[in-house]
Amino acid sequence: MIDAGKPGRTIEEALRKIGADINTLSGVLITHEHSDHISGAGVMARKYHLPLYATAATWRAMEGKIGRIPPEMRREITAGKDFWLGDIGVVPFSIPHDAADPVGFRLWGGSTSISTATDLGHFADSVYREIAGSSLVLLESNHDPDMLRANPHYSPLLKKRILGDHGHLSNEDCSRALLKLIAAGTENLILGHLSGENNTPTLARHVSELALSREGLRSGTDVQVSVALRDQVGRVYIIRGKGAQA
Ligand SMILES: [Zn+2]
Ligand SMILES: [Zn+2]
């Protein structure tokens with residue numbers, strides 16, 4: 001599992017909906033210490049006995065936020081240093097975000113890989129190099145900049161943070177990144193980490209599909225693009241050695 005930003009019970013229920021048993025998981029890979037990524041992590045370690053994998057700086061930053069973690073459930077990882085989790089090869093890589101030591105993950109099963117890259121202030125070349133060629137990528141499509149600027153509930157400081165180089169990826173930036181990834185061989189894309197206030201699933205999808213159509217590509221035929229909803233279980237992809245299948 002990558003991140004645990006929901007209560008344990010919600011996670012357990014979501015897994016059950018896709019026919020997965022939480023007790024068969026090998027661990028939780030933590031990207032960074034922001035609460036939408038770790039609020040359920042302590043429960044994962046204590047109740048379900050899943051080891052938590054995080055960088056040293058992320059451990060320091062999340063300590064005190066997730067309760068006491070049994071020492072045997074504590075694993076330290078380093079950006080750029082691959083490791084095995086069962087038969088999955090895991091590659092943590094640095095991402096531009098305003099956290100202690102945030103990472104994305106590329107997961108290898110045989111010759112096929114999938115990647116997650118959310119919480120990106122910008123689509124850095126280094127991130128592109130890390131995930132290019134993955135058969136499936138979960139990429140951030142966080143906000144519509146106009147909706148964000150017009151949002152009366154967000155302070156000017158928060159807006160600046162989100163729009164900044166170490167904040168979050170806008171729909172437009174995501175759509176540009178998408179084209180680069182498709183050109184490098186990615187066939188399945190999931191738009192994720194959508195803001196609940198500054199975006200809608202329809203808008204995120206529309207911006208990406210518009211960018212695709214300008215290149216003569218169609219979602220559903222040339223590439224698969226889906227949107228990860230905030231409170232619903234999404235499409236299930238099974239990695240079968242040669243490419244991901246929905
Ligand atoms: Zn974050
Ligand atoms: Zn986040």
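This is a predicted model: local features need pLDDT of at least 70, side-chain atom pairs count only at pLDDT 80 or more; totals for chains, interfaces and linings use all residues.
**Exercise 1. Describe the open sheet formed by seven strands, and state which helices pack on strand 9 and its neighbours.**

Step 1. The seven strands follow the order 4-5-6-7-8-9-10, with mixed pairing. At the edges, pairing on one side only, are strand 4 (83–85) and strand 10 (224–227). From one strand to the next, the twist averages 20 degrees.

Step 2. Four bridges connect strand 9 (residues 188–192) with strand 10 in the parallel sense, and Leu191 has Val227 in strand 10 as its bridge partner.

Step 3. Helix 8 (residues 171–183) packs on this sheet and touches strand 8 (136–140) as well as strand 9, with a direction that makes about 165 degrees with that of strand 8. Helix 9 (residues 201–214) also packs on the sheet, touching strand 9 and strand 10, and its direction makes about 160 degrees with that of strand 10.

**Exercise 2. Identify the protein donors of the zinc ion (ligand 1), and explain why the arrangement of its four donor atoms is classed as it is.**

Step 1. The protein donors are His32 (NE2), His34 (ND1), His97 (NE2) and Asp119 (OD), which lie 2.2 to 2.5 Å from the zinc ion (ligand 1). Along the sequence, these donor residues have the spacing H-x1-H-x62-H-x21-D.

Step 2. For comparison, the ideal angle for four tetrahedral donors at a metal is 109.5 degrees. A tetrahedral assignment requires all angles to lie between 85 and 135 degrees. The four donor atoms around the zinc ion (ligand 1) subtend angles of 89 to 175 degrees, and therefore the arrangement is irregular.

Step 3. His97 counts as buried because its relative accessibility is 3%, and Asp119 counts as buried because its relative accessibility is 1%.

**Exercise 3. Which residues coordinate the zinc ion (ligand 2), and which residue coordinates both zinc ions?**

Step 1. The zinc ion (ligand 2) is coordinated, at 2.1 to 2.3 Å, by Asp36 (OD), His37 (NE2), Asp119 (OD) and His193 (NE2). The spacing of these donor residues in sequence is D-H-x81-D-x73-H.

Step 2. The angles among the four donor atoms of the zinc ion (ligand 2) are 87 to 169 degrees, and the site is irregular.

Step 3. Asp119 coordinates both the zinc ion (ligand 2) and the zinc ion (ligand 1), which are 3.4 Å apart. Because His37 lies in helix 2 (residues 35–38) and Asp119 in the loop between strand 7 (112–117) and helix 5 (125–131), this pair ties together parts that are 82 residues apart in sequence. Both His37 and Asp119 are buried.

Terms used:
Residues are numbered from 1 along each chain as its sequence is written. Chains are lettered from A and ligands numbered from 1 in the order in which they are written. Side-chain values use heavy atoms; hydrogens and water are left out. Donors are N, O and S atoms within 2.8 Å of the metal (3.2 Å for Na, K and Ca); water is not among the atoms, so sites may look incomplete. Four donors count as tetrahedral if all angles lie between 85 and 135 degrees; four count as square planar and six as octahedral if opposite donors are over 155 degrees apart and all others between 65 and 115; anything else is irregular. Helices (H or I, at least four residues) and strands (E, at least two) are DSSP runs, numbered from the N terminus. Buried means under 20% relative accessible area, exposed over 50%, partly exposed in between (1.4 Å probe, protein chains only). Two strands pair if DSSP finds at least two bridges between them. Axes are lines fitted to C-alpha atoms, for helices over the stretch in contact, and angles run from 0 to 180 degrees between N-to-C directions. Contact means heavy atoms within 4.5 Å.
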